[in-house]
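Subject: Structure for your review

Dear colleague,

Please find below the structure that I am handing over to you. My notes on what was found in it follow.

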Amino acid sequence: MEKSSNHSVKIAIVGAGNVGATFAYALLGSGLASQIVLIDANHERAEGEAMDLNHAVPLTHSTRIWAGDYSDCAGAAITFVTAGTAQKPGETRLDLAQRNFAIFQSIIPQIVQQNPDGILLIASNPLDILSYAALKLSGLPANRVIGSGTILDTARFRYLLSQHAGVDPRSVHAFIIGEHGDSEVPVWSLANIAGMALTDYCKMNCEQYDEEAYAKIFEETRDAAYQIIERKGATFYGIGMGLVRIVEAILRGQHTVLSVSTLIHDYYDIDDVYLSLPCIINREGVDKFLRLPLNEIEVAGLQKSAKVLKEMIRTLGL
Ligand SMILES: NC(=O)c1ccc[n+]([C@@H]2O[C@H](COP(=O)([O-])OP(=O)(O)OC[C@H]3O[C@@H](n4cnc5c(N)ncnc54)[C@H](O)[C@@H]3O)[C@@H](O)[C@H]2O)c1
């Protein structure tokens with residue numbers, strides 16, 4: 001099932017800022033790509049990043065890295081889009097959506113014109129809205145337009161749960177679903193360690209199930225970006241590694257389950273909106289999203305998340 005050669009794998013990165021450059025660096029270290037092209041409205045920035053990254057090449061994997069333009073998207077297996085800006089102080093999410101949607105209207109058609117056969121991977125915010133916009137603007141099938149979704153939120157959640165339980169984060173199985181943002185939903189009912197629900201894990205292996213501590217863990221997960229941005233202005237390491245994990249699952253056809261943003265149909269009355277659920281990722285992109293048996297609170301949370309996103313999609317006239 002798994003193929004691991006990076007023979008002639010080109011990855012294009014549109015937006016060579018914090019997230020784009022960090023992803024490029026993590027991707028270089030992974031050895032998954034043989035060519036990485038950086039494209040940015042600020043070409044000098046892309047050039048500087050390419051120069052800096054090239055100086056790491058002799059110390060890691062043989063990779064061709066350069067600052068290019070949209071014609072370089074031709075033949076890319078995956079074009080990653082993280083162009084745009086983050087929310088400015090005092091700016092509403094709708095303002096941000098309008099600003100970054102205008103950027104997408106200019107760049108997505110240029111990418112698809114050069115590369116009608118590749119996969120689009122989106123990370124610009126508001127993530128779910130712009131992933132849906134990329135689907136509409138590109139005309140590509142939904143399996144080939146993927147939003148990074150809650151891969152980052154899920155990683156944050158697993159990390160914080162692991163600290164509380166005193167186990168390796170990779171031994172914690174838990175998902176954040178819904179919007180990549182304020183209305184995201186923790187799936188407590190299916191969270192587990194060694195196959196045990198957290199309540200059982202605590203009953204059998206700790207002193208008690210501390211409901212307050214778990215509620216705090218979710219709050220910290222949901223608000224992590226705000227906390228980090230307050231301290232260092234941006235977040236990029238977690239998402240950089242999450243993107244490499246998605247790219248690996250695609251290029252190696254791993255059928256990995258990752259929480260990414262995808263087009264949802266006919267699930268708890270949710271239709272025609274991008275949001276995150278655990279998805280099977282293979283060479284074609286999103287093979288399918290997994291229909292989780294959620295409890296009533298989780299269903300209500302997911303439906304609320306979908307409503308928030310649909311309202312924004314409607315306001316943007318998509
Ligand atoms: N999905 C996630 O989990 C996640 C995590 C962190 C950040 N983000 C989002 O990623 C985006 C980028 O964040 P960042 O910290 O890298 O920002 P940044 O400002 O460092 O980089 C953005 C880059 O986009 C470029 N750009 C702007 N308009 C462009 C255009 N029309 N064409 C090409 N390039 C253009 C800018 O020149 C800049 O280099 C933001 O929307 C941010 O909110 C998402």
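Predicted model: local features only at pLDDT ≥ 70, side-chain atom pairs only at ≥ 80, totals over all residues.

A salt bridge would require a side-chain nitrogen of Lys or Arg within 4 Å of a carboxyl oxygen of Asp or Glu.

The surroundings of Lys10 may also be of interest. This residue belongs to strand E1, which covers residues 10–14. Its side chain reaches the backbone oxygen of Ala74 at 2.7 Å. Leaving out residues up to four places away in sequence, Lys10 touches Gln35, Trp66, Asp72, Ala74, Gly75, Ala76, Ala77 and Ile78.

Helix H2 comprises 12 residues (43–54), and the distance from its first C-alpha to its last is 16 Å, close to the 16 Å expected at 1.5 Å a residue. Its buried residues are Ala46, Glu49, Ala50 and Leu53. They lie on the same side of H2, because the arc they cover around the axis is only 100°. These buried residues pack against helix H1 (18–30), strand E2 (35–39) and strand E3 (64–67). On the other side of H2, the exposed residues are Glu44, Met51 and Asp52. For Asp52, the relative accessible area is 52%. Asp52 and Ile65 are separated by 13 residues in sequence, and their C-alpha atoms are 9.9 Å apart in space.

Helix H5 covers residues 151–165, and its 15 residues should span 21 Å at 1.5 Å a residue; the C-alpha atoms at its ends are 21 Å apart, which agrees. The buried residues in H5 include Ile151, Leu152, Phe157, Leu160 and Leu161, and among them are also Asp153 and Arg156. Just after H5, Gly166 adopts a positive phi of about 75°.

Pro116 is found in the loop between helix H3 (93–114) and strand E5 (119–122). With a relative accessibility of 42%, Pro116 counts as partly exposed. Apart from its neighbours within four places in sequence, Pro116 is in contact with Leu140 and Arg144. Pro116 and Met241 are 125 residues apart in sequence, and 26 Å separates them in space, C-alpha to C-alpha.

Finally, I come to the charged pairs. The whole structure contains 8 salt bridges, including the following:

- Arg170 with Asp168, at 2.8 Å from N to O. Arg170 is exposed at 65% relative accessibility, whereas Asp168 is partly exposed at 33%.
- Asp223 with Arg222, at 3.0 Å from N to O. Asp223 is partly exposed at 23%, and Arg222 is partly exposed at 27%.
- Glu311 with Arg314, whose closest N and O atoms are 2.6 Å apart. These two residues are separated by about one helical turn, because they are 3 residues apart in helix H10 (residues 296–315). Glu311 is partly exposed, with a relative accessible area of 40%, while Arg314 is exposed at 57%.

Yours sincerely,

A colleague

Conventions:
Residues numbered from 1 in each chain as written. Heavy atoms only, no water. Helix = DSSP H or I, 4+ residues; strand = E, 2+ residues; numbered from the N terminus. Polar contact = N/O pair within 3.5 Å; in protein donor to acceptor, adjacent residues only side chain to side chain. Contact = heavy atoms within 4.5 Å. Expected span 1.5 Å × (residues − 1). Buried < 20%, exposed > 50% of the residue type's maximum accessible area, 1.4 Å probe, protein only. Arc of directions from axis to C-beta.
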